[in-house]
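Work through the exercises below with the sequence and the 3D view open. Each task is followed by its solution in steps.

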Amino acid sequence: KTQKVGKKATDRIIEVASDYFERYLELEDLLGIIQNKNKLLQSVKISLDNPKGIVSEAINIREKIWKVGLDPLASIVHILEDNGIKVFIIDELDGLPLDTSFSGFSTVINENVGCIVINGNSKLPLVRKRFTLLHEFAHLYLNLQGMENREAEKLCDGLAGSILLPKKALLDTFGERRTSVHFNELKLFKRTYGASLSSILYALYNNEVISQSYFTSCIIQYNAIHKKDENKGYEGSEHSDRFQQLLLRALITGIISESKAAALMNMKVGQFSQYLDNMFDEDSSN
């Protein structure tokens, strides 16, 4: 989905991301961290024609693989990183804010390292970024070989939505069947689960809580009134800490020098010292 971004910018995004992941893997190598073969990468087959199978797989991921149960996901980035997937959040390109028409992409490095890149531009609603993270995770998790692109994207959306918004939580909150829903109900659920109003509506429709005709009317209302306010209503955060955590560990234990740490951060030594001093200042870069 990078046609609006243009080939030049797309190639540059890939170049910057590749450089980051190369530095990430080098840092892990210096620390002696072994990349275990991830048997789940792009291996799981489910069908778009089997909604129950999608819901069942989402429960399996939450409960057996991630072990997070059915509670709201406080930090999707941290869950992914805890499960061996590397996440790069890029908010600008060569000093300019990244075009908001770019959402993200995923790839597999060395056949066993899953990587996700997402647009961190502050103009993009956090709830959209959270969904993008799960959508790209679905690309890394599912075996999509032989599927048409449109079908594959829809399947990844379906799995992402089912992970973000567990069926039991939806039914416990909204009931099993509704003829109408107040948008404030959706906003309260958004506040807890960190999902966009539109994705909550899709989930209610997919789980047969609301009818197709009512869903369509709600989406029309959403696009006309509520879409512009998706940046409001959820106070969570999504940021990647693992690279910096490993870097500081390697630095303080003497595995790498400050100059090597600066190089791994793609900074000059002076810049890196200033970065450390201002790491937790409100305006410092992440």
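A crossing of two helices is left-handed if the near helix is turned anticlockwise from the far one by less than a right angle, and right-handed if clockwise. This is a predicted model, in which local features need pLDDT of at least 70 and side-chain atom pairs count only at pLDDT 80 or more, while totals for chains, interfaces and linings use all residues. Residues are numbered from 1 along each chain as its sequence is written, and side-chain values use heavy atoms, with hydrogens and water left out.

**Exercise 1.** Describe how helix H2 and helix H5 cross.

Solution. Two packed helices are described by the angle between their axes and the distance between the axes. Helices (H or I, at least four residues) and strands (E, at least two) are DSSP runs, numbered from the N terminus. Axes are lines fitted to C-alpha atoms, for helices over the stretch in contact, and angles run from 0 to 180 degrees between N-to-C directions.

Step 1: the axes of H2 (residues 51-65) and H5 (residues 149-164) come within 8 Å and cross at roughly 50 degrees. Step 2: H2 is therefore oblique to H5, since angles under 35 degrees count as roughly parallel, over 145 as roughly antiparallel, 65 to 115 as roughly perpendicular and the rest as oblique. Step 3: the crossing of H2 and H5 is right-handed. Step 4: contact means heavy atoms within 4.5 Å; H2 contributes Ile54, Val55, Glu57, Ala58, Ile61 and Arg62, and H5 contributes Leu155, Gly158, Leu159, Ser162, Ile163 and Leu164.

**Exercise 2.** In what order do the three strands of the open sheet lie, and how do they pair?

Solution. Two strands pair if DSSP finds at least two bridges between them. Step 1: the order is E1-E5-E4, with mixed pairing. Step 2: E1 and E4 (104-109) are the edge strands, each pairing on one side only. Step 3: from one strand to the next, the twist averages 20 degrees.

Step 2: E1 and E5 run parallel and are joined by five bridges; isoleucine 89 stands opposite isoleucine 118 in E5, and isoleucine 90 opposite asparagine 119. Step 5: E4 and E5 (residues 113-119) run antiparallel, with six bridges. Here phenylalanine 105 stands opposite valine 117, and glycine 104 has isoleucine 118 as its bridge partner in E5. Step 6: three residues separate E4 from E5 in a hairpin, and asparagine 110 in the turn has a positive phi of about 55 degrees.

**Exercise 3.** Is lysine 86 buried or exposed?

Solution. Buried means under 20% relative accessible area, exposed over 50%, partly exposed in between (1.4 Å probe, protein chains only). Step 1: lysine 86 lies in E1 (residues 86-90). Step 2: lysine 86 counts as buried because its relative accessibility is 3%. Step 4: in E1, four of the five residues are buried, and in E5, seven of seven are.
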